[in-house]
Structure formats: C-alpha cells, structure tokens
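I'd like to walk you through one structure today, so let me put it up on the screen.

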Amino acid sequence: VGSTVLGLQYLNLKIMKYLFYLLFLVSLTANAQIRAVNIVDNLGYTLSQEPDEVVFVKGYAKPGDGGEGFFIFRPDETKSYKGMFVPLRDGSSKGRWERIRYDYVDISFFGAMPNDNKDDTRAIQDAIDFAFQNGFPQIIIPVGTFLADSLIIRNGTKMRGHYRGTIIKSFSEAKGPDKAKSALLKIDTNAVTNVVIENLSFFGNGHEKMCFYIEGVRKNDVHSGLWKSSFRNIEIRNFSSHSIYLKGGDSYAVNSPNQFISFESVRIKRNSMPGVNALRIEGQNAQLSFLNCTMDSERIEVNRPATSWNVFIRRDPEGGATPAIIKFDTCTIQNSIGAFDIYGASNVSIENCWFENIKTSIRIGEAAKGIVVENNRFANASGYGGLTEGYVINVTGESQVIFERNLVAGKYSGLTIKERGSKIHTSDNYPRQAN
C-alpha cells in the first residue's frame with residue numbers, strides 16, 4: 001500500500017509539472033509574448049503584434065544551424081542588415097526585427113555554415129563589417145572549417161576562434177590584374193588600428209595567394225597601415241605565396257607605416273616555392289615583435305632544398321623607408337635554404353631562437369645597422385649540417401652586427417664570413433663540432 005501511495009504521489013507530481021508547462025505555454029500564446037519562427041527570412045513575413053515584441057528564430061537558414069537567437073521588433077528602426085536587422089516584406093519603410101545580442105557577433109548569425117564546402121566569404125565579411133559599423137567588440141568564429149576567398153580587416157576588427165578547431169580555408173585561386181597582391185586577409189585603406197586576431201587556423205589549399213597582406217594604402221591625405229594590433233595562437237599552412245607580408249610605405253613622407261604590432265605563438269608552415277617567404281617585411285615597419293613563433297617550410301633534404309628564405313627583411317627597394325626596431329624572441333626557424341635575409345634594416349634583434357637544417361642561417365647586407373644575434377642555438381644550421389657550403393652568419397655590404405653567446409651545435413660548414421668594411425663583433429660563442 002505504501003509503495004502504491006508513493007507511486008501515485010510521484011505520478012501526481014509529473015502531472016502537475018506538465019500542467020504547469022501547458023499553462024505557461026498557453027499564457028505565452030494568449031499574451032503574445034514569445035513566438036517562434038524557423039529561419040531568419042521568415043521574420044519578414046512576421047507582423048508584430050505589439051511594439052518591442054520578442055520572437056525566437058530557430059536558425060539562420062535551417063533550425064539549429066548556429067544562427068538561432070531572439071529578435072525584438074523596433075517600429076521606428078530603418079536599418080537593414082541581413083541576419084541582424086530584418087525588414088518586413090509588406091514594403092514598410094520603417095519597422096525592423098533586430099537581433100538581441102551581447103558583446104559579440106557570430107558569423108553564424110550571417111549565414112556562415114561550417115563544413116558544408118560552400119563559400120562563406122560574404123557571411124564572414126558581413127560579420128566584420130557589421131561589427132565595425134556598430135561598434136561590437138568581437139567576432140566569434142565557431143568550431144569547424146569555413147571557406148573564404150578574400151576578406152578585408154576593418155579598423156578595430158577583433159576576430160576569435162577556437163585555434164585548431166576553427167579553420168578558415170582559401171576558397172579559390174587568385175584572379176585578376178592584382179593577382180600578385182591577392183590574399184586571404186588584407187587590411188582596409190587608411191590607418192587600421194586595434195586589430196586582434198587569435199585562436200584561428202588559416203589553410204591556403206595550395207593556392208598562389210598570401211595569408212595576410214598588410215599594406216598601408218592611403219585615401220586622401222591621411223595615415224595608413226596597421227597600428228597597435230596583435231596576432232596570437234595562429235596556424236598558417238599551405239599557401240603558395242608569402243604567409244605574412246608586411247608592406248610599409250616606401251618613404252617616411254608617405255606616412256604608411258605598420259607599427260606597434262605583436263605576433264605571439266604564430267606557427268607558419270610555408271610551401272617551398274621560389275621567392276616565397278614565411279614572413280616578408282619591406283619598407284616602413286617599426287616596433288614589431290615576434291614571440292614563440294615558428295617559421296618553417298617543407299622538410300628538406302640536401303638534394304631537395306626548400307627554395308627561398310623563411311624570413312626576408314629589407315629597406316624598400318624604391319625608396320628610403322627602413323624596417324627598424326624588430327625583435328624575434330624564442331622563435332624556431334628551420335628547413336630552408338636560409339633563415340633570415342636582412343638588407344638595409346636597422347635595430348633587428350634575434351634572441352633565444354632555434355635554427356635547424358639550414359644552408360645559411362643569417363645573411364645580412366646593404367649597410368644594415370644595429371643587428372644583434374645573441375643567445376641562439378644553431379643545430380646543423382650551416383650547409384645543412386656540413387653537407388654543402390654554407391654559413392651560420394654571412395655579413396656583407398658595410399653592415400654592423402653583434403654576434404654573441406650563441407651555441408653552434410651539430411655539424412657546420414663555417415661560422416662567420418664578412419666582407420671588407422663590414423663590422424661584426426663576436427664574443428663568447430660556443431661552436432661545437434658533432435662526432
């Protein structure tokens with residue numbers, strides 16, 4: 001009897017619970033507080049029953065696709081932005097369903113779908129542009145693979161993913177007359193500041209385009225270039241052009257610098273193509289830092305070298321603007337004909353870095369000044385470990401270099417070479433020949 005009574009009591013509680021849910025839903029329907037539609041486009045056919053009514057949308061293009069959320073009716077609103085401000089289809093000039101949002105926008109709000117092998121360029125660019133125009137502090141990219149052709153980074157863009165769980169992959173090969181400047185991501189014209197891009201992987205799909213092309217382009221008489229920005233926890237792979245190209249102005253009068261930029265934990269695996277670099281810096285660039293980064297290329301053998309140099313830094317060949325105040329700390333540079341190729345730059349510091357499987361680790365020329373190479377480890381980093389001619393450091397052309405407290409381990413072909421007139425100060429290095 002006791003168990004029967006308990007069973008009835010439990011049953012009564014379940015009945016009461018469902019009755020409560022039913023009464024709650026009836027109350028919502030009766031008062032028209034919350035309605036639901038399947039997709040964003042359905043909102044255009046959803047007439048508001050009262051100002052500030054809230055409707056739940058189950059998805060952007062289909063229920064549960066990540067674009068779901070609450071929308072509120074604003075009778076005096078006139079903005080139209082697909083996925084964010086939805087106008088009524090009755091032709092009214094005013095009245096919009098506005099997405100209720102927090103301190104971010106998600107690219108799913110604009111129709112980007114992971115892993116569907118469709119071009120997401122428009123949706124991702126819409127998210128970037130909407131955040132820029134409306135002052136949203138960040139753009140979220142969910143887990144999955146998204147395809148994009150070319151994206152423009154706006155002033156203040158803060159784009160975050162889930163590192164290796166979030167991939168943006170090149171959708172197509174470079175096209176058109178500006179093919180040489182084609183990139184998956186480029187900066188906007190004039191000065192672009194306070195950009196943060198982090199926790200993302202970028203795959204080039206083997207296409208002959210860059211990953212990041214950061215060039216200052218001026219409109220009207222104002223500054224341009226990228227300023228006060230950071231890139232963190234980023235993976236870049238399989239691009240058949242430069243992975244990162246920082247192209248500053250060719251003269252100081254142009255006011256087109258890239259400056260005050262930090263790169264932290266950026267992992268680059270470049271394709272072995274002639275003239276292609278993992279990192280290329282030219283012209284007016286200053287106050288750049290690279291911490292715990294990797295500049296790598298395809299694994300090489302002595303009879304199949306990776307062409308070109310992993311890091312290339314030089315004064316603009318058509319003007320006088322010089323890269324300066326650049327620091328590499330705790331970086332790994334390996335598997336290439338050369339690690340650093342530096343021409344005419346000044347105040348470049350290479351410290352606590354690892355070099356391996358390289359023909360010539362560092363080449364410096366064209367009157368480069370204030371170059372400091374210290375506390376690094378060079379492992380088989382000269383002549384691919386003594387298999388062919390090569391140098392740990394090659395200094396020419398009236399340059400001034402400090403080479404101190406470096407460990408040269410494994411096999412090597414030579415330690416240093418310098419041209420008459422150049423100044424290289426060496427001390428406390430420890431070259432060690434492997435058995």
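**Starting with a helix**

So, let's start at helix H2, where the buried residues are Thr121, Ala123, Ile124, Gln125, Asp126, Ala127, Ile128, Asp129, Phe130 and Ala131. Before I go on, please keep in mind that this is a predicted model.

Back to H2. That's 10 buried residues out of 14, so the helix is largely enclosed by the rest of the structure. What do the buried residues of H2 pack against? Strands, and here they are: E4 (85-87), E6 (105-106), E7 (139-140), E8 (144-148), E9 (151-153) and E10 (158-160).

I also checked the length of H2, which runs over residues 121-134. At 1.5 Å a residue, the helix should span 20 Å, and its end C-alpha atoms are 20 Å apart, so that agrees. After H2 comes Gly135, with a positive phi near 75 degrees.

**Zooming out**

Now the whole chain. How many helices and strands are there in the protein chain? Three helices and 34 strands. The chain has 435 residues, and 51% of them count as buried. The accessible surface comes to about 19800 Å², with carbon and sulfur atoms making up 52% of that. And if you take the contacts with a separation of 6 or more, 66% of them involve residues 24 or more positions apart.

**A five-stranded sheet**

Next, a sheet. This one is open, has five strands in the order E1-E2-E3-E5-E4, and its pairing is mixed. At the edges you have E1 (34-37) and E4, each pairing on one side only. From one strand to the next, the twist averages 30 degrees.

If you want to look at one pairing in there, take E3 (residues 69-74) and E5 (residues 96-99), which run antiparallel over four bridges. Phe73 has Trp97 in E5 as its bridge partner.

**Aromatics**

On to the rings. The count of aromatic pairs comes to 19, and I picked two to show you.

Tyr81 is in the loop between E3 and E4 while Phe130 is in helix H2, so the pair ties together parts that are 49 residues apart in sequence.

Phe263 counts as buried at 2% relative accessibility, and Phe290 is buried with a relative accessible area of 2%.

Those two also belong to a cluster. Which residues do the ring pairs link into that cluster? Phe202, Phe212, Phe231, Phe263, Phe290, Phe328, Phe340, Phe355, Phe378 and Phe403.

**Following Phe212**

In strand E15, Phe212 is the bridge partner of Leu185. E15 covers residues 210-215, and six of its six residues are buried, so to speak a mostly covered strand.

E15 pairs with E12 (residues 183-187) in the parallel sense over three bridges. It also pairs with E17 (residues 244-247), again parallel, over four bridges. In E17, the residue standing opposite Phe212 is Ile244.

**One serine to finish**

Last stop: Ser229, in strand E16 (residues 225-237). Ser229 is buried, with a relative accessible area of 5%. Which residues does Ser229 touch, leaving out those up to four places away in sequence? Thr193, Asn194 and Val195, plus Phe260, Ile261 and Ser262. Take Phe260: Ser229 and Phe260 are 31 residues apart along the chain, and their C-alpha atoms are separated by 6.7 Å.

Terms used: Residues are numbered from 1 along each chain as its sequence is written. This is a predicted model: local features need pLDDT of at least 70, side-chain atom pairs count only at pLDDT 80 or more; totals for chains, interfaces and linings use all residues. Side-chain values use heavy atoms; hydrogens and water are left out. Helices (H or I, at least four residues) and strands (E, at least two) are DSSP runs, numbered from the N terminus. Buried means under 20% relative accessible area, exposed over 50%, partly exposed in between (1.4 Å probe, protein chains only). Contact means heavy atoms within 4.5 Å. Accessible areas come from the Shrake-Rupley method with a 1.4 Å probe; for residues, only the protein chains shown count as cover. The expected span of a helix is 1.5 Å times one less than its number of residues. Two strands pair if DSSP finds at least two bridges between them. Axes are lines fitted to C-alpha atoms, for helices over the stretch in contact, and angles run from 0 to 180 degrees between N-to-C directions. Rings of Phe, Tyr and Trp (its six-membered ring) pair if their centres lie within 6.5 Å; planes under 30 degrees apart count as stacked, over 60 as edge-to-face and the rest as tilted.
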